[in-house]
Amino acid sequence: MDNETMLKEVLHALKKHEDRMDQNFKKIDERFEKIEERLDKMEGRLDRIEKKMDGVLK
């Protein structure tokens with residue numbers, strides 16, 4: 001196998017790896033977005049509970 005062919009194969013393998021990594025990072029970003037949404041909802045719920053408790057304790 002000549003050097004040019006080996007170089008092309010290495011570059012192709014690197015491109016495939018890059019594509020897989022991009023897909024993995026997209027999945028991670030989607031998961032973090034979902035977690036952030038859930039945390040925002042929980043924060044809203046906790047704020048409402050806190051207001052209710054303030055009213056009860058006064």
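**Entry 1: the model**

I am working from a predicted model.

**Entry 2: salt bridges**

I asked how many salt bridges a search of the whole structure finds. The search returned three. I then went through them one by one.

**Entry 3: Glu 4 and Lys 8**

I looked up Glu 4 and found a salt bridge to Lys 8. The closest N and O atoms are 3.4 Å apart. That is inside the 4 Å cut-off for a salt bridge. Both residues sit in helix H1, with a spacing of four residues, about one turn of the helix. The cut-off for exposed is over 50%.

**Entry 4: Lys 15 and its partners**

Which residues does Lys 15 bridge to? I found Glu 18, where the closest N and O atoms are 3.8 Å apart. I also found Asp 19, where the closest N and O atoms are 3.2 Å apart.

I checked the spacing along the chain. Glu 18 and Lys 15 are three residues apart in helix H1, about one turn of the helix. Lys 15 and Asp 19 are four residues apart in helix H1, so about one helical turn separates them. Through shared partners, the salt bridges link Lys 15, Glu 18 and Asp 19 into one network.

Then I looked up accessibility for this network. Lys 15 has a relative accessible area of 42% and is partly exposed. Glu 18 is partly exposed too, at 40%. Asp 19 comes in at 31%, so I noted Asp 19 as partly exposed.

**Entry 5: nonpolar patch**

I turned to nonpolar side chains on the surface. Which residues form the patch there? I listed Met 21, Phe 25, Ile 28, Phe 32, Ile 35, Leu 39 and Met 42. Together they have about 670 Å² of accessible area.

Phe 32 is found in helix H1, which covers residues 3-57. Is Phe 32 buried or exposed? Its relative accessibility is 55%, so Phe 32 counts as exposed. A patch residue needs over 30% relative accessible area and no salt bridge.

**Entry 6: recap**

I have three salt bridges on record. Lys 15, Glu 18 and Asp 19 make one network. The nonpolar patch, Phe 32 included, is on the surface.

Definitions and conventions
Residues are numbered from 1 along each chain as its sequence is written. This is a predicted model: local features need pLDDT of at least 70, side-chain atom pairs count only at pLDDT 80 or more; totals for chains, interfaces and linings use all residues. Side-chain values use heavy atoms; hydrogens and water are left out. Patches are made of residues with over 30% relative accessible area and no salt bridge: like charges are joined within 9 Å, nonpolar side chains (Val, Leu, Ile, Met, Phe, Trp, Tyr) within 5 Å. Accessible areas come from the Shrake-Rupley method with a 1.4 Å probe; for residues, only the protein chains shown count as cover. Helices (H or I, at least four residues) and strands (E, at least two) are DSSP runs, numbered from the N terminus. Buried means under 20% relative accessible area, exposed over 50%, partly exposed in between (1.4 Å probe, protein chains only).
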